[in-house]
Amino acid sequence: MKKLIILGLLIISTVNFAQGIEMKNSFFTWDNFVANFNGQIDSSDSIYQSMVKAGLNEYALLKFDFHFVSNNKQNIEELSDFIQKSYLYELKPIIERDDKLWELSGVTNSFPVTRENLRYWILDMYKRGYEFDAELDGYGAPFDPKKQSFPEFGKEKEDYYFDLGIDRYNSGDLSGAIINWNIVLKINDKDENSYYSKAIVKDELYTWKAALKDYDKAIEIDPNFISALLNRGSLKDENKDYAGAIKDYELVINNKNSDEDVLRKAYFNRGNTYFNLENTRQACVDWSKSAELGAEYAIERLEQYCEMD
């Protein structure tokens, strides 16, 4: 049985650009991160197109070199420690450049290059740099179009790559997780669990519209995919599609496969959405139902916003 990443309990909304986590960065600030985010996507797409024109075949295995810079040695050291712990990459010694910036360079493990894989590897590195007040300063992968190798795409490898994606996610390697689930989908394009799992990671990498499409695909394949419906509802709520969120929660509530744990989450989440719509009366009804089903986390909302008998 495949292991899954399970989400769906919306107590505090997850991060998006509208409510982003502003760290105390002095070198690469949140404003810098947001301003350059789409540029990173455009750059990755441009690089991929150039590589294809040069003879790259989709899913060819390549190693990318990368470079981070920061004005703070401790920050770049902590970034180095994190990458060593979480990623299967080779790192070079940190150096102080002539411009008084500290530079961390390294080389990835081999991964299959597609437009999406390259995009999310770059966004992953871009995010990790920001988290340590460092900027992704460059990357590249020389290759020989006459010497290309590829992953094994046999059906017997499907579960192996899926579970490897889960392991990569749990280690903190977000792009490695997506890359392995994309290999699964290359083997079996009807694997709803890989679409679902990719959606979770894409949302963590601030691409909620892409995440929504993957949730849609997972639910299209399996209309009774309860966790995907819960997560999609939460994602819609976070992005102010309140009607869409309520519809997803109602699909969960009315689904005969929803157990008590699922129902208390769905009622709680729907209560949050009604509260966002300033319908406190209906929010209290849903939070009460969630509490009746054993959700202790709903009691705080009831005490804070609802008249209690």
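A: Happy to; we can go from the overall fold to the aromatic rings and then to a pocket. Keep in mind that this is a predicted model.

Q: Okay, how many helices and strands does the protein have?
A: There are 12 helices and seven strands.

Q: And what does the C-alpha trace span along its principal axes?
A: About 70 × 50 × 30 Å. The radius of gyration is 22 Å, which agrees with a compact globule, because one of 309 residues would come out near 19 Å.

Q: What share of the residues counts as buried?
A: Of the 309 residues, 52% count as buried.

Q: Switching to aromatics: how many aromatic pairs are there?
A: The structure holds 30 of them. Take Phe28 and Tyr126: their ring centres are 5.6 Å apart and the planes meet at 75°, so this pair is edge-to-face.

Q: Where in the chain do Phe28 and Tyr126 sit?
A: In distant parts, 98 residues apart. Phe28 belongs to the segment before α1 (30-53), while Tyr126 is in helix α3 (residues 115-131).

Q: Is Phe28 buried or exposed, and why?
A: Phe28 is buried, because its relative accessibility is 2% and the cut-off for buried is under 20%. Tyr126 has 1%, so Tyr126 counts as buried too.

Q: What kind of aromatic pair do Tyr87 and Tyr89 form?
A: A tilted one, with 5.1 Å from centre to centre and 35° between the planes. Tyr87 and Tyr89 are both buried.

Q: Which ring does the charged end of Lys157 sit over?
A: The ring of Tyr160, 4.8 Å from its centre. Likewise, the charged end of Lys186 sits over the ring of Phe153, at 6.0 Å from the ring centre.

Q: New topic: how much space lies in the second largest pocket?
A: About 290 Å³. The pocket is lined by 18 residues, and the closest to its centre are Asn109, Ser110, Phe111, Ile179 and Asn180.

Q: Last one: what is the lining made of by class?
A: It has 11 nonpolar, five polar and two charged residues.

Terms used
Residues numbered from 1 in each chain as written. Predicted model: local features only at pLDDT ≥ 70, side-chain atom pairs only at ≥ 80, totals over all residues. Heavy atoms only, no water. 1 Å grid on protein atoms, 1.4 Å probe; cavity = no way out; pocket = protein on both sides within 12 Å on 5 of 7 lines; lining within 4 Å. Points joined across faces, edges and corners; volume = space filled by probe spheres on them. Nonpolar A, V, L, I, M, F, W, Y, C, P; charged D, E, K, R; others polar. Phe/Tyr/Trp six-rings, centres within 6.5 Å; stacked < 30°, edge-to-face > 60°. Helix = DSSP H or I, 4+ residues; strand = E, 2+ residues; numbered from the N terminus. Buried < 20%, exposed > 50% of the residue type's maximum accessible area, 1.4 Å probe, protein only. Lys NZ or Arg CZ within 6 Å of the ring centre and 35° of its normal. Rg over C-alpha atoms; globule rule 2.2 N^0.38 Å.
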